[in-house]
Amino acid sequence: MALEKARVCVTGAGGFVGSWIVKLLLSKDYIVHGTVREPSDEKNAHLYKLEKASENLKLFKADVLDYNSVYSAIVGCTGVFHVASPVPSTTVEVIEPAVKGTLNVLKASVEAKIKRFVFVSSGAAVGLNPSWPKDRVMDETCWSDKEYCRTTKNWYCLSKTEAESEALEFGKRTGLDVVSVCPTLILGPLLQSTLNSSSLVLVKLLNEGYETVENKLRMIVDVRDVAEALLLAYEKPEAEGRYICTAYIIRAQEFVDKVKSIYPNYKYPKNFTEPGEERVLTSEKLQKLGWSYRPLEETFVDSVESYKKAGNLKLRKLTF
Ligand SMILES: NC(=O)c1ccc[n+]([C@@H]2O[C@H](COP(=O)([O-])OP(=O)(O)OC[C@H]3O[C@@H](n4cnc5c(N)ncnc54)[C@H](OP(=O)(O)O)[C@@H]3O)[C@@H](O)[C@H]2O)c1
């Protein structure tokens, strides 16, 4: 199937990942319908300033829980990037927008005769599976165990697992071409003025002056490389099924050492406790599709410089 380059819809366009995929699509001359919940809100102002936004970006007011608003944004498009989902939250309320919201976007996509639907899932829909063999790297055949997510109250993992499995099943049932991408912890420069949850991991490391942290594995990917992965998943005719999207797998201590070597003047944790049992994910399938990623140092520097530039982050510089 040759996918024509044309008009596409991005849900959750004003968020961290949404903004970067909109920017990338505009740079490739796509016409973009972006959905936001409040187009006039200051937090979406950056979208209007993106290059080519004045000609090629149209923002639609839409809540994914409201079918009609979603359909209005999708109709006339060839492709959909479904990014919108609450992240992360410790409350059970994340499930409805993730699952029912995704179903609304899927139904509207079938109705609007969308050619390909790219779903932004998460490593959270892959990795929470205690029965996966301990010596085996987790690939796309591994799914988080929904019952285990429920009993451990991992509502975000459950929301992403249910939404992604629904999306792929829906695709099989209806013939809608659904491809999903499962990124792990996303860092990188912010385009938006508000601070999203995953960026807080690095911001807090610099701000909080933690004494002790758990030496757990961090699976990191740059937001710009995630946007490239989503575009590949959309544009490559042979793309199918799920794609894990992760670049660097390092322990918290190595993470701290790397950031510290670039920004030595913050107070970093001194003690690292041993983590429990952990698993690693592989992006081999995505790399075979043509995906590559930038050096980790670039992600750290561009992230921290963007937090500083945003000004509202108030990085607290601590001396030893
Ligand atoms: N950041 C990560 O480390 C990471 C890793 C793996 C996967 N992901 C996935 O990437 C996607 C984007 O996350 P992000 O990191 O960019 O977080 P974000 O900046 O918080 O973006 C979330 C977006 O979802 C929108 N949203 C939430 N509920 C909605 C609803 N009911 N109707 C319409 N829009 C709604 C938000 O819109 P408002 O601005 O109106 O609230 C926002 O634009 C999510 O699907 C997330 O699961 C993120």
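# Notebook: core, helices and ligand shell

**Entry 1, the core.** I looked up the largest nonpolar core and found 88 residues in it, with Ile 21, Val 22, Val 80, Val 118 and Leu 230 having the most contacts inside it. Such a core is a set of buried Ala, Val, Leu, Ile, Met, Phe, Trp, Tyr and Cys residues joined through C-beta atoms within 7 Å. I noted that a residue is buried if 20 or more other C-beta atoms lie within 10 Å of its own, exposed if 12 or fewer, and partly exposed in between, with C-beta atoms placed from the backbone. I must remember that this is a predicted model, in which local features need pLDDT of at least 70 and side-chain atom pairs count only at pLDDT 80 or more, while totals for chains, interfaces and linings use all residues. Residues are numbered from 1 along each chain as its sequence is written.

**Entry 2, Val 80.** Leaving out residues up to four places away in sequence, I listed what Val 80 touches: Val 8, Cys 9, Ile 74, Val 105, Ser 109, Ile 114, Phe 117 and Val 118. Two residues are in contact here if their C-beta atoms, placed from the backbone, lie within 7 Å.

Helices (H or I, at least four residues) and strands (E, at least two) are DSSP runs, numbered from the N terminus. In α4, residues 67–74, I found Val 70, Ala 73 and Ile 74 buried. They lie on the same side of α4 because they cover an arc of only 95° around the axis, the arc being that of the directions from the helix axis to the C-beta atoms. These buried residues pack against β1 (7–11), β2 (31–36), β3 (57–61), β4 (79–82) and α5. Just after α4, I saw that Gly 76 takes a positive phi of about 95°.

I counted 26 residues around the ligand, the closest being Gly 12, Gly 15, Phe 16, Ser 85 and Ser 198; a residue is near a molecule if its C-beta atom, placed from the backbone, lies within 6 Å of it. The shell divides into 14 nonpolar, 9 polar and 3 charged residues, where Ala, Val, Leu, Ile, Met, Phe, Trp, Tyr, Cys and Pro count as nonpolar, Asp, Glu, Lys and Arg as charged, and the others, Gly among them, as polar. At least two shell residues come from each of α1 (16–27), α5 (95–111) and β7 (185–187), and the largest share, 3 residues, comes from α1.

Most residues other than glycine have a negative phi. Asp 29 is exposed, because 11 other C-beta atoms lie within 10 Å. Lys 153 has a positive phi of about 55° and sits in the loop between α6 (146–151) and α7 (155–174).
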